[in-house]
Amino acid sequence: MDSVLFYFFSALAIASAVLMVTRRNIVHSAVFLITALLATAGIFLQLQAEFLFVVQIILYVGGIMVLFVFVIMLVNLDLSLHLMQFNRMKFVSTILAAVLAGQLFTAFWITRNSLNLGPRGEAMAQPHNTESIAQALFQNYMLPFEIASILLLVAMIGAVVMAKRKV
Amino acid sequence: MNFIPASLRDYVLPVLYGIVIVALLPLLAGYIVLLERKVMADMQARLGPMRVGPHGLLQPIADALKLLIKEDIIPQKADRFLFWCAPVLSVTMALLAYAAIPFGPVFQIADLNVGLLFILAISSLGIYGIVLGGWASNSHYSLLGALRSAAQLVSYETAAGLAVVSGLMLAGSLSMKDIVQAQSDQGVWFAFVVPVGFFIYLVASIAETNRAPFDLPEAESELVAGYMTEYSGFRWALYFLGEYANMVVVASIATTLFLGGWLRPFARYQDHLFGTSIELLDLLPTLLFLGAGVYCFWLAPRQPVQIQKIVMALVGGLCVALALGMTGALFAPDTVRTGIHGAFWFLAKVFVYIYAFLWIRFTFPRYRFDQLMRLGWRFLIPLALVNVIVVGATIVLQQNWDWRHPMLTAIVTTAIMLCVAAFLARDRAPEVEPLEVGEGD
């Protein structure tokens, strides 16, 4: 049952990610991105990380993607429909794709013996992963967490200042 | 239950509850619409719907039938797939949220340990129904409605989330069941401990369900019907169902978190009437239904048409049957008794909350969009932030100094919060120059 769910959500995520890149209509792309994010949330749930599942939905799907769609709607769609979606540098891109594939293959080949994930860890059996995440963020890794928050705050204030010149 | 295989036994009851909710919710939504029209009529000194059934009691059914057989129109240049998807999305997300709502200690589909967050997450997905529907209609009114809705929901979700946090800190759990249990243990509804948090949630939840005075996404005088301008027939009905289902969802969150969920008022007060196991207050539902039944019987012969007399008598009979059921439940085993009476009190609180929605709707004029944004970002969100900090501080102080009285917390936090609110309210909106319509393209 677990692996069925996993493959279902993975296939959904990959398929919608591909569709997101290939759709001409930008709103359709956004819808497929939402599907991909939801499928990822499903994988979190299948791993019994229900807090991450919910946070993924609230933040990415319910927050960030709404703003994406909001901005997309303000864009002139007719124009973007006629734009060329892919550029024509096929030669360069083929080489780059081959190099990337080679790198990935080498990486997998070198680590082929460590791919076995082993038995399921103890952490998954814990009933309350909300508490364990809070413990990790606010006790074990307090300083890095705060630094990351301040970084985001700086970026946000910067964006506000740049958008609103006459403060 | 013994005839069910053991492996399926865990699933049978939740599936049954799910079917009951999905079957009853459209009916409930229809009757909330009737309630709304009746309350509106009453506040405007009119009678409201009176023709279909006695006192318009069958109006929702007639409306639903009409919508079912109406022609289904899809605009020619609409994005057909998304146009089809959007209302379905809106209803599905609203219904999905019911999976975690506890209608009583027994009547709950699933007690998730992130229940509250789950409901918030799922109901935040409902925006896509509005936004995509507005975009797919390929109409300016719809698009503007969708844009307004997206901006409004993202803004007020922050305030609502922070207000919820202040209640959560008191409960110490995200599971809906544990939240109610915490209120039972502490002997007080959290609305009395963090009244400011409750107020912020009330305002934000009105904005989140796109209700007046924050109904700008569907403001009739400006945008025809906003995002659902191009919808007709049953798709339109689906949007309506989604909206009213969402109202019940936010009312359920408020009930669970701030109004004690399925707990009876004065849940700790026990008098064991006449030496039995019956409490005086548990007789309240019986009396209520009995009173309604007697009133219906009194009205029945006074109806103008024969069929209306019969329907009225049937309604009276239903009320009496409910009264008998509530009384019978008092003598049933404990799970049945608490289940039925819990569901009654939960629904009663939900309806009081929805009545407050209607009352506010017919009392306040609609906000202008910049005023709405201002209220959200410059008043509610700072207030909610300070509220979280103040409530957190009082909880820590309580734990360290052994202040065990929740009312003290309420008074101290409310006093501080009123000062903060007064400070924030000094911020007046500047004179706004009228926007140039049609600027840009």
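Leu358(B) touches Glu36(B) and Val39(B), leaving out residues up to four places away in sequence. Contact here means that C-beta atoms, placed from the backbone, lie within 7 Å. This is a predicted model, in which local features need pLDDT of at least 70, side-chain atom pairs count only at pLDDT 80 or more, and totals for chains, interfaces and linings use all residues. Residues are numbered from 1 along each chain as its sequence is written, while chains are lettered from A and ligands numbered from 1 in the order in which they are written.

- Leu358(B) sits in helix H13 (residues 334-361) of chain B. Helices (H or I, at least four residues) and strands (E, at least two) are DSSP runs, numbered from the N terminus.
- Leu358(B) is buried, because 20 other C-beta atoms lie within 10 Å. The cut-offs are 20 or more other C-beta atoms within 10 Å for buried, 12 or fewer for exposed, and partly exposed in between, with C-beta atoms placed from the backbone.
- Between the C-alpha atoms of Leu358(B) and Val224(B) there are 21 Å; along the chain the two are 134 residues apart.
- Ala45(B) belongs to the loop between helix H1 (9-43) and helix H2 (59-68) of chain B.
- Ala45(B) counts as exposed, because it has 6 C-beta neighbours inside 10 Å.
- The phi angle of Ala45(B) is near 55°, a positive value in a residue other than glycine.

**Nonpolar core**

- The largest nonpolar core holds 135 residues. Such a core is a set of buried Ala, Val, Leu, Ile, Met, Phe, Trp, Tyr and Cys residues joined through C-beta atoms within 7 Å.
- Ile119(B), Val131(B), Ala159(B), Ile200(B) and Ala204(B) touch the most other members of this core.
- Helix H10 (residues 233-258) of chain B contributes the largest share of the core, 16 residues.
- Beyond its neighbours within four places in sequence, Ile119(B) contacts Ala97(B), Ala100(B), Ile101(B), Val249(B) and Ile253(B).

**H8(B) against H10(B)**

- Helix H8 (residues 195-208) of chain B packs on H10(B) at an angle of about 170°, and the axes are 10 Å apart. Axes are lines fitted to C-alpha atoms, for helices over the stretch in contact, and angles run from 0 to 180 degrees between N-to-C directions.
- That angle makes H8(B) roughly antiparallel to H10(B). Angles under 35 degrees count as roughly parallel, over 145 as roughly antiparallel, 65 to 115 as roughly perpendicular and the rest as oblique.
- From H8(B), Phe198(B), Tyr201(B), Leu202(B), Ser205(B) and Glu208(B) meet Val250(B), Ala254(B) and Phe258(B) of H10(B).
- The contact of H8(B) with H10(B) has six nonpolar, one polar and one charged residues. Ala, Val, Leu, Ile, Met, Phe, Trp, Tyr, Cys and Pro count as nonpolar, Asp, Glu, Lys and Arg as charged, and the others, Gly among them, as polar.

**Domains**

- Chain B is divided into domain 1 (78-263 + 370-425) and domain 2 (273-356). Domain bounds come from an automatic or database domain assignment.
- The C-alpha centres of domain 1 and domain 2 of chain B are 30 Å apart.
- In chain B, 15 residues of domain 1 contact 11 residues of domain 2. The domain 1 side has 11 nonpolar, four polar and no charged residues.
- Chain A has domain 1 (1-83) and domain 2 (131-167). Their C-alpha centres lie 25 Å apart.

**Chain A and its side facing chain B**

- Chain A has seven helices and zero strands.
- Of its 167 residues, 14% count as buried.
- Among contacts in chain A between residues at least 6 apart in sequence, 55% join residues at least 24 apart.
- Ala13(A) lies in helix H1 (residues 2-22) of chain A. Ala13(A) is partly exposed, because it has 19 C-beta neighbours inside 10 Å.
- Not counting residues up to four places away in sequence, Ala13(A) touches Ala36(A), Ala39(A) and Thr40(A).
- Across the two chains, 19 residues of chain A contact 21 residues of chain B.
- Helix H2 (26-46) and helix H3 (50-74) of chain A each supply at least two residues of the side that touches chain B. H3(A) gives the most, with 13 residues.
- That side of chain A has 13 nonpolar, five polar and one charged residues.
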